[in-house]
Amino acid sequence: MNVLKEIGEICISDSREGGRDYILRPSFEAMARLGDPAEIVDLFAIINGSEYGSFLDPLYDRLGRVPEWIIPTLAAMTDRMLSASVRVLQACCTEDMSAVFGGWEDKGDHTEYQPGLMLREDIIIIASQLLLHGIIGRAKIRRLQRHESSETTNEFRAVEYINAARSHFGMSRDEASRLTMTEFQLLLAAKYPDQKGFTREEYDSVVDSYLERKKQRLAAHQVN
């Protein structure tokens, strides 16, 4: 089955006899299924290892290693990453994917993950890629310096992008909600191809060049 990888679609095939193809699309509608605006960003952070970094970095700084008593805590973090990733995969697919990613079984005093067709590492990687295409966008487009920002956000409001797509492209609500962020960016770039201004790299290059010329003029003046 054909998918558009450039806009973030992914096909996962069950190669067993009688298996099927699962199409995953990280649309605005799918991102909204993940929870409220803050919860979506929290999931992105968990899947991309934010807990690991904030927890392990101080340990390495103090001890230079990971002590054995930390292992259960790390395992719990990995489970949270996996659980969040499963939510993303299922949100991006209209079919039940439990056969692909497995699930958790109650063992009385604890729950235990029972794998499906995919390795847990692959589930996490795919979920990360889906979120990149769904909430950040991976279109290779010219991004102007005035639109760039080093600030991060703690919310992702899918409805704002849906409404923007309806306004810019005259789409219905259903059409706009099926867009991925990457697709949305590509459509904007196609509609407004001749934006004026510098990219961040171009801006920095011009400033550096100006400062270098100014430095050379000052040096020449001092010599004279």
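Of the 224 residues in the protein, 32% are buried, meaning under 20% relative accessible area with a 1.4 Å probe and protein chains only, with over 50% called exposed and values in between partly exposed. This is a predicted model, in which local features need pLDDT of at least 70, side-chain atom pairs count only at pLDDT 80 or more, and totals for chains, interfaces and linings use all residues. Residues are numbered from 1 along each chain as its sequence is written, and side-chain values use heavy atoms, with hydrogens and water left out.

The secondary structure comes to 10 helices and four strands; helices (H or I, at least four residues) and strands (E, at least two) are DSSP runs numbered from the N terminus. Along the sequence the pattern is β-β-α-α-α-α-α-β-β-α-α-α-α-α.

Strands β1 (residues 10–13) and β2 run antiparallel and are joined by four bridges, where pairing requires at least two DSSP bridges. Ser13 stands opposite Asp21 in β2. In β2 (residues 21–24), Tyr22 and Leu24 form the covered face, while Asp21 and Ile23 form the uncovered one. In a regular strand the side chains alternate between the two faces of the sheet.

Helix α9 (residues 181–191) contains Thr182. Met181, Thr182, Glu183, Phe184 and Gln185 are buried in α9, and the buried residues of this helix pack against α1 (28–32), α6 (120–136) and α7 (158–169). Thr182 has a relative accessible area of 1%. Leaving aside residues up to four places away in sequence, Thr182 touches Glu6, Ile7, His133, Gly137, Arg138 and Ala139, contact being heavy atoms within 4.5 Å.
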